[in-house]
Amino acid sequence: MAQQACWFCSSAVKTGGFWEEKLRCCSWDGRGTGCEKVSCIRNRALSVGVGQDGRIRSHRPQQRWACEAVRMVEVPRTSFLGCFIVNSSVSTIGRDFVFSSWMGLKSYTYLSKRSKRRWLMKSRTKILALVPRAGKRKPQMIARDAVKVESGKYSYEVEDAINQLSALPPRSSIVRCMESCRNKLSMKDFALIFREFAQRGDWYRSLRLYKYMQRQQWCKPNEHIYTIIIGILGREGMLDKCTEIFQEMPSYGVEWNVYSFTALINAYGRNGQYEASLDLLARMKRERVIPNLITYNTVINACAKGGLDWEGLLGLFAQMRHEGVQPDIITYNTLLSACSNRGLVQEAKMVFRTMNEAGVVPDLTTYTSLVETYSGAGRLEAVRELLREMEVQGNLPDAIAYNVLIEDYAKKGDISEASGIFKQMLRAGCSPNVATYSTLLECYGKHEYFDDVRDLFSDMKASGTAPDVVTYSTLIQVFGKGGYFREAINFFWDMLDGNVEPNIEIYTNLLDACGIGGLYKDAEAIYQRLLQQGLTPGPEIFKGLIDAYGNAALYQEAAIAFNCIKELGSKPNKSTFNALIRSYARGGLHKEAGAVFMSMREAGFSANVHTFNALIEAYGKAGLFTDGKEVFFDMKKARCSQNLRTYEALLTVYCMA
């Protein structure tokens, strides 16, 4: 047996004897041989002109007749690729058959139509006898992101259908996928499948299943299915598709009802198009579909969030009562929420009074909206009375309601009232959350009640409330500004031990604290931790580093930190310029401070009180009395207000003179 190179892939193939006859049959024009690779077999078939799509790729009449013969024979799909039938002069590659006997083709060309048909029927029997038996279908491809439903949540048929649809790739056949579920699922089962995909946010599979149901006779969608699919697509903002499905309902024999209208109204309302919701409500009445309570609640909620004026909301409220639809707790809470967002105190009182007259019992959401309304208007005493009323009636306020009042007192600086609300909250049995503690910690810190801050933070940990990034940011800022630099740094490492990821604000406050205290080694460690976290340092970060080096008399390192701002692709701001001037001023390096001041002006920044104070201090420590006084007079000419630090620096100038 000799070896010869394949015409298509150049690999070595056997020749001679049976192999030579077989391979010549495969290399149609006799130009070479071919191997048994699937790619080479496919290329040999395409070289003749018969593609897998059945199109004729050659202008030779014999090959055109071959293509016609193949299409008329209709040999079924086989699982065997590369079966060459030499004796019958037929080659099959998948579903593509090519007749390779030139004499047979020529004799076939001159036959009549009736004889051609008879010849083909005989040939079909021969071909089917030689072609291998069709194998099993290829297994259905499984999507990589397939999510299986938890076992026992639904019936076996529903779970099986959900799992099969979840494993269905985008381009696979849904008909084959649902074949095992045929006539086994009811409309309730399909509704459960749609709701499962709705919970996952999988609108694509929901839409594919809906279109499949439309094409089948055994599972035509009903009103409930249409309502669900409109709701699913509405959550995704696909309003055009929602309208299309709604409009085609009558053409499929499904009448519009109150639920399909409500679903479409909700779809437009949740996407901020309350005008369309009002138009649909009017159309609903023209179609003689009577709105129900859910419809009106949906429209009122859409209009309240969309920005309809208060008169329009009251008009809808009066309209629903006129039509005999009694408002429920959801209706009143929606109106109270609208009052809270718009600061309508009197209107909120009117709605609450109407609610009590109608016999509707307020719930936690009702009181929370009232608390927010009164608090926004600054009526803190009314809020406090409302909280007491809630406690007496058994509607225990949640932490959010108390936090609103605590935050308002904290903003006013009334520590005693804020602490009183906190104690009232504990007496009522309401557990404070992390926002409650963070607000009080900030309130105590602003008034420099450091012992109270420490005690409250200890109580927070003892209660099992885990501090978050806001809590640690407040603590670091409070103790950093209060001069407790080492304690602020300890809070940072405690934060990392608690697996709380710092943000850029925490790094800024912490480096400011290190800068004031001159803790340059701690500043370097914190800066390295910032880089490890992948955050991009800005000018404010370098301000703390420059101050830390300046207070430690490391002026060269301060200059290097300043230059790093430009190297990282950023630009120094006024704070970083002032920090470098301040660093040089502490060492009496007036020339370097003056050079930085000139660079600052060239960069387009005007001097402020911190700039002038640093320059006066630099000239004072250098013993340059005249230059220090000139800077002070320039400060007055620039109409820059002086502070205590200005006069302290000026006093240093006089003392050093």
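## Helices α18 and α20

In this predicted model, helix α18 (residues 364-376) and helix α20 (residues 399-412) pack at an angle of about 10 degrees, with their axes 9 Å apart. The two helices are therefore roughly parallel to each other, a label given to angles under 35 degrees. Axes are lines fitted to C-alpha atoms, for helices over the stretch in contact, and angles run from 0 to 180 degrees between N-to-C directions. Helices are DSSP runs (H or I, at least four residues), numbered from the N terminus.

V371, E372 and S375 of α18 meet A401, V404 and D408 of α20, where contact means heavy atoms within 4.5 Å. This contact has 3 nonpolar, 1 polar and 2 charged residues. Ala, Val, Leu, Ile, Met, Phe, Trp, Tyr, Cys and Pro count as nonpolar, Asp, Glu, Lys and Arg as charged, and the others, Gly among them, as polar.

## Basis of the model

Local features need pLDDT of at least 70 and side-chain atom pairs pLDDT 80 or more, whereas totals for chains, interfaces and linings use all residues. Residues are numbered from 1 along each chain as its sequence is written, and side-chain values use heavy atoms, with hydrogens and water left out.

## Helix α10 and its partners

The axes of α9 (residues 203-215) and α10 come within 10 Å and cross at roughly 150 degrees. The pair is therefore roughly antiparallel, the term for angles over 145 degrees. From α9, W203, S206, L207, Y210, M213 and Q214 meet I225, Y226, I229, I232 and L233 of α10. By class, this contact has 9 nonpolar, 2 polar and no charged residues.

With α12, α10 packs at an angle of about 0 degrees, the axes lying 9 Å apart. This makes α10 roughly parallel to α12. T227, I230, G234 and R235 of α10 make the contact with Y259, S260, A263, L264, A267 and R270 of α12. These residues divide into 5 nonpolar, 3 polar and 2 charged.

## The second largest pocket

The second largest pocket holds about 350 Å³ of space. A pocket is an open set of points on a 1 Å grid over the protein atoms alone, where a 1.4 Å probe fits, with protein on both sides within 12 Å along at least five of seven lines; lining residues have an atom within 4 Å of a point. Grid points are joined across faces, edges and corners, and the volume is the space filled by probe spheres set on them.

Of its 16 lining residues, T227, G231, R235, A263 and N266 lie nearest the centre. Elements giving two or more residues to the lining are α8 (187-200), α10 (223-235), α12 (258-270) and α14 (293-306).

Terms used. Angles under 35 degrees count as roughly parallel, over 145 as roughly antiparallel, 65 to 115 as roughly perpendicular and the rest as oblique.
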